[in-house]
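Please examine the sequence and the three-dimensional structure shown here before reading the explanation that follows.

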Amino acid sequence: MKTKRLLATVALLAAGSGLVACSSDEGGSDASNCTNSITKKELPVVTMWGWYPNTQLVVDNFNKQNNEVQVCWTNVGQGSDEYDKFQTAISAGTGAPDVIMVEADRIPTFQIQGALVDIKKYGFDAVKANYSDGAWKDVSVGDAVYGVPVDGGPAAMIYRKDIFDKYKITPPKTWAEYEQAAQKVKDAGGPLFGDFGANVSALTMALQIQKGATPFTYDPAQPKSIGVKLNDQASKDVLDYWGGLVKKGLVGTQDQFTPEYISGVINGNYATYISAAWAPGYLTGAGVGKGQDTGKFAVAPLPQWDEANPVQVNWGGSAFSVTKQAKKPELAAKVAYGLYADKESLTDGWTNQIIFPLNLTALKDPAFIDLKVAFFDGQQANKEVYVPAADAYKGVSYAPFGQYYLDAMTKQISEVSKGSVTGSQAADRLQEDVAKYAKEQGFTVQ
């Protein structure tokens, strides 16, 4: 494999459709341009990019409590907007912050370019017990750790209590029961039971992992090789299952996160919404549960493929990573470990439904566990569903070209939904597509 070719191509993929220039005027490593005010001016400063709504509070809390280092925070955009700027800084060799917020599945894309620092040697042992093994695995590549977990998305089944009551449905514990309930509701003239959106391929990946799939295996100690396994029986079974629900008219095929889909959720067009722990905050912000549907939602554990051997999965989540351009990685790591780690910041995050925290300080806090969630009409959703799911989550190994894979899966799910191919055929096509892409980037595919 030609390493330069691989890194250049991964860099281009990460940058997306258009690279956005990043200069000290947009933050970068320039500590003179901060969104927040630094009062302890005698201390060294670490620059940080992040986008959470309450980052100002989190940074102020850290700076107030810390007498070794201060944080200079800049919001250069969320998700892909920030990644484009970071990619430009990587290519230029300058302009990156010391600490950057990234989604966990993006870490391998930047790690393979040598843009992130393994923080294991910078105080990892002192904070390791603050997070679960699954949370750490999501931010690791091989044995190296490239981020500090912030939030996650343990998956569950949100459902309409009014619809379940009307059709005398109890929350299904297995996917077989889910299909049976969906058929019962349809036969009685009820609404769609759920949705198989092509644009949430990361959720489909999680459900395949729940069934036993391992889409990718990658070890940075062998950077020329990657395992790609997208058409194993578990992966096919999941796509065939959802394709079957679509064919029987039991679930819809609407893209999610759209006005049309949200309108459908509000109007009771769907009996269930398979999503993550951040969904209540998102739905509330989108207007769900505020009008005619107020008090009608509840949540149950994610249905299982094998009830005797339950597997919990995750959808989404972010981390704080130290960049290779950090002038003092030890101080940058101290910031990454300390941000969103104090009780006040964590409490503000979950009480305002900004994040589902992964720090065990929050997950073990009786106030968090026993919280009666307003969106779920007072149900103790954390105690009953989300915390047990987070505790049982084992983590995932992501690919260095994860975005290409998810985009390719979206195309195949669209074909399944249209009835052009079966789920099994889609899995075979996806395997061929992604394996070919990996080889074009210089990988040896195992």
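This is a predicted model: local features need pLDDT of at least 70, side-chain atom pairs count only at pLDDT 80 or more; totals for chains, interfaces and linings use all residues.

Residues are numbered from 1 along each chain as its sequence is written, and side-chain values use heavy atoms, with hydrogens and water left out.

On a 1 Å grid over the protein atoms alone, a cavity is a set of points where a 1.4 Å probe fits but cannot get out, whereas a pocket is an open set with protein on both sides within 12 Å along at least five of seven lines; lining residues have an atom within 4 Å of a point. Grid points are joined across faces, edges and corners, and a volume is the space filled by probe spheres set on the points.

The largest pocket has a volume of about 1200 Å³. Its lining consists of 39 residues, and Glu103, Trp278, Trp315, Gly316 and Gly317 lie nearest its centre. Helix 18 (402–418) is among the elements that supply at least two residues of this lining, and helix 18 gives the most, with 6 residues. Here helices (H or I, at least four residues) and strands (E, at least two) are DSSP runs, numbered from the N terminus. The domain bounds come from an automatic or database domain assignment.

The structure also holds 6 cavities of 30 Å³ or more. The largest cavity has a volume of about 160 Å³. Of the 19 residues that line the largest cavity, the closest to its centre are Ala135, Asp138, Gly152, Asn314 and Leu358. Strand 6 gives the most to this lining, with 5 residues. The largest cavity lies between domain 1 and domain 2, because both give residues to its lining.

The second largest cavity contains about 90 Å³ of space. Among the residues that line the second largest cavity are Asp195, Phe196 and Trp242. Helix 9 gives the most to the lining of the second largest cavity, with 3 residues.

Attention now turns to strand 3 (residues 99–103). Because 4 of its 5 residues are buried, strand 3 is largely enclosed by the rest of the structure; buried means under 20% relative accessible area, exposed over 50%, and partly exposed in between (1.4 Å probe, protein chains only). Two strands pair if DSSP finds at least two bridges between them. Strand 1 (residues 45–49) runs parallel to strand 3 and is joined to it by 2 bridges, with tryptophan 49 opposite isoleucine 100 in strand 3. Strand 3 pairs with strand 13 in the antiparallel sense over 5 bridges, and valine 99 stands opposite valine 322 in strand 13.

Finally, consider valine 139, in the loop between helix 6 and strand 4 (140–141). Is valine 139 buried or exposed? Its relative accessibility is 2%, so valine 139 counts as buried. Leaving aside neighbours within four places in sequence, valine 139 is in contact (heavy atoms within 4.5 Å) with residues including Ala104, Tyr146 and Ala319.
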